[in-house]
Amino acid sequence: MKAGDHRKPSSGGIQKHERDQRHDAKRRVEKQSRGWYKSKLWLARREEQLSSEPLCRRCKARGRIAAANTANHIIPNKENWTLFATGELESLCEACHNSPVQREEARGYPIGCDASGRPIDPSHPWNLTPRT
Ligand SMILES: [Zn+2]
């Protein structure tokens, strides 16, 4: 054993600094829409979505029951106010909201619901499971 063997590898440093700067730039881009999530319009939409669909949609599709706490835009709104304000939402639990699952491919059925909030696909688990 030599004396220098206990040194930690010198990762980080300048590279990490550059990474932080890039992260800050990304944050500036996201800043505008971040405020949207505090708007009355959004809070009302979120409330409505979670009360009309209180269970996580993706968990439900896999036969699991999980309380949703997130109203997620099915189409990412990408700084587009119209999409943000009118785009279709789905209820998700925290775990599903944070997981990068490719939604439609992973689920294998069309996304979307009719005016009553039911998915348009008749084979969607929502339509197959008797609601109590
Ligand atoms: Zn879930």
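T70 stands opposite L92 in strand β2. The two strands, β1 and β2, run antiparallel and are joined by four bridges; strands count as paired if DSSP finds at least two bridges between them. This is a predicted model, in which local features need pLDDT of at least 70, side-chain atom pairs count only at pLDDT 80 or more, and totals for chains, interfaces and linings use all residues. Residues are numbered from 1 along each chain as its sequence is written.

**Overall layout**

- The protein chain has seven helices and two strands. Helices (H or I, at least four residues) and strands (E, at least two) are DSSP runs, numbered from the N terminus.
- The order along the sequence is α-α-α-β-α-β-α-α-α.
- Of the 132 residues in the protein chain, 14% are buried. Buried means that 20 or more other C-beta atoms lie within 10 Å of the residue's own; exposed means 12 or fewer, and partly exposed covers the range in between, with C-beta atoms placed from the backbone.
- Take the contacts between residues at least 6 apart in sequence: 46% of them join residues at least 24 apart. A contact requires two C-beta atoms, placed from the backbone, within 7 Å.

**Confidence**

- Mean pLDDT for the protein chain is 78, and 66% of its residues reach 70 or more. pLDDT is the predictor's confidence in each residue, from 0 to 100.
- Helix α2 (residues 40–52) has the highest mean pLDDT among the elements, at 97. Helix α6 (residues 103–107) has the lowest, at 50.

- Strand β2 spans residues 89–92 and is covered on both faces. L89 and S91 are buried on one side, E90 and L92 on the other.
- In a regular strand, side chains alternate between the two faces of the sheet.
- The largest nonpolar core has five residues: C56, A68, L92, C93 and C96. Such a core is a set of buried Ala, Val, Leu, Ile, Met, Phe, Trp, Tyr and Cys residues joined through C-beta atoms within 7 Å.
- A68 is one of the core residues. Beyond its neighbours within four places in sequence, A68 is in contact with L50, E53, P54, L55, C56, S91, L92 and C93.

- E94 lies in helix α5, which covers residues 94–98. E94 counts as partly exposed because it has 13 C-beta neighbours inside 10 Å.
- E94 is in contact with N69 and T70, leaving aside its neighbours within four places in sequence. The C-alpha atoms of E94 and N69 are separated by 6.5 Å, although the two residues are 25 apart along the chain.
- H97 also sits in helix α5. H97 has 17 other C-beta atoms within 10 Å, so it is partly exposed.
- H97 and N72 are 25 residues apart in sequence and 7.3 Å apart C-alpha to C-alpha.

**Loop between β1 and α4**

- P76 is in the loop between β1 and α4. P76 counts as exposed because it has 11 C-beta neighbours inside 10 Å.
- K78 is in the loop between β1 (70–73) and α4 (81–86). Its phi is near 45°, a positive value in a residue other than glycine. K78 has 10 C-beta neighbours inside 10 Å and therefore counts as exposed.
- E79 is in the loop between β1 and α4. Phi of E79 is near 65°, again positive in a residue other than glycine. With 13 C-beta neighbours inside 10 Å, E79 counts as partly exposed.

**Loop between α4 and β2**

- G87 is found in the loop between α4 and β2. G87 is partly exposed because 14 other C-beta atoms lie within 10 Å.
- Leaving aside its neighbours within four places in sequence, G87 is in contact with H73, I74, I75 and N77. G87 and I74 are 13 residues apart in sequence, and their C-alpha atoms are 7.4 Å apart in space.
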